[in-house]
Amino acid sequence: MFNLQQLETLVLCVECGSFSAAARRLGKAQSAVSTAIANLEIDAGIDIFDRSTRIPTLTPHGKRLYTHSIHLLSQAKEMKAMLHSFSVGVEDTLTIVINELLLTPNFFNIINSFYHEFPHTELHINTADNKEISQLIAQGNASIGFMLCEDFIPQDVELGLVGYLPISATAAIEHPLHEQVSTTLDELKGFRQILLNNMQGPWNIHFSPLITRTNDLNTLQSLLAANNSWSFVPDHIIEKNNAIKIIELDSEEKNWLLHIDRAVPKNKNMGQAFTWLYQKSIHMFEVQSDK
């Protein structure tokens, strides 16, 4: 049966244009290359090169074998790199659990960098509410978590402040609250407020006598766009939704920054991929604008 070395020789002969040029590239005698190709033809049971011309050319079968050889050698190279990464302590899988509100553009930028640094690590990214995040980490069902800071302190989990989430009052583009230059907090009370259940903080109380509650971010955005209501929403979500915009508030309390905690298991050794992500998370939620 043929081996990868024979296929490598075949590919090199085609790319170099001749057996002699391939031999020079390999630092071998031309006879060694010719013998390798002849043995490959015997093992494969086909003629790979047509030798009736001055320069051997690929037969139709040889062309098919050459094409498949390129793919097979590429896969073999990828497998070799994968096995090497595992042998030096890179995890085969890594699980991130994160509050849905923290899926910011910068989070995804760092994930893209992770793909480049650890292409062979299978990454699992799951969303959950805060209490579930800490439970998953403590139970060993997730490697690292990102959650909004809360009053409760979870057990068996190490917490660390890694940044802030800017939020603002927002409403549909055509909402009456946008008709004036600025709005007071008292004026917000005249319109229905939508509360998102999984957002935490002292600001997450109802200002308005009429409220709607939801635990789904997409539902909240649809309600804002379709109804005469307003809500507190993370700025990165407002920026990518053309149907809503920030309400300009006439108040010292118009800008809010929610604290973000990183949650990891206590006293547990982690591999290279985790260590890289742990270090990058320090800058994952840096506030880019002057909020």
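So, the side chain of Thr170: one of its polar atoms sits 2.7 Å from the backbone oxygen of Lys245. Keep in mind that this is a predicted model, where local features need pLDDT of at least 70, side-chain atom pairs count only at pLDDT 80 or more, and totals for chains, interfaces and linings use all residues. Residues are numbered from 1 along each chain as its sequence is written, and side-chain values use heavy atoms, with hydrogens and water left out.

Thr170 belongs to strand E6, residues 157-172 (strands are DSSP runs of at least two residues, helices, H or I, of at least four, numbered from the N terminus). Is Thr170 buried or exposed? Buried, with a relative accessible area of 0%; buried means under 20%, exposed over 50%, partly exposed in between, with a 1.4 Å probe and protein chains only. Beyond its neighbours within four places in sequence, Thr170 is in contact (heavy atoms within 4.5 Å) with residues including Leu224, Trp230, Ile244 and Lys245.

Now over to Pro209, in the loop between strand E7 (192-196) and strand E8 (211-214). Pro209 is exposed, at a relative accessible area of 68%. Its C-alpha is 8.3 Å from that of Phe191, 18 residues apart along the chain.

Last, a helix pair. In H5 (residues 105-117), Ile110, Ser113, Phe114 and Glu117 meet Ala273, Trp276, Leu277 and Lys280 in H10. Those residues divide into five nonpolar, one polar and two charged; Ala, Val, Leu, Ile, Met, Phe, Trp, Tyr, Cys and Pro count as nonpolar, Asp, Glu, Lys and Arg as charged, and the others, Gly among them, as polar.

Methods:
Polar contact = N/O pair within 3.5 Å; in protein donor to acceptor, adjacent residues only side chain to side chain.
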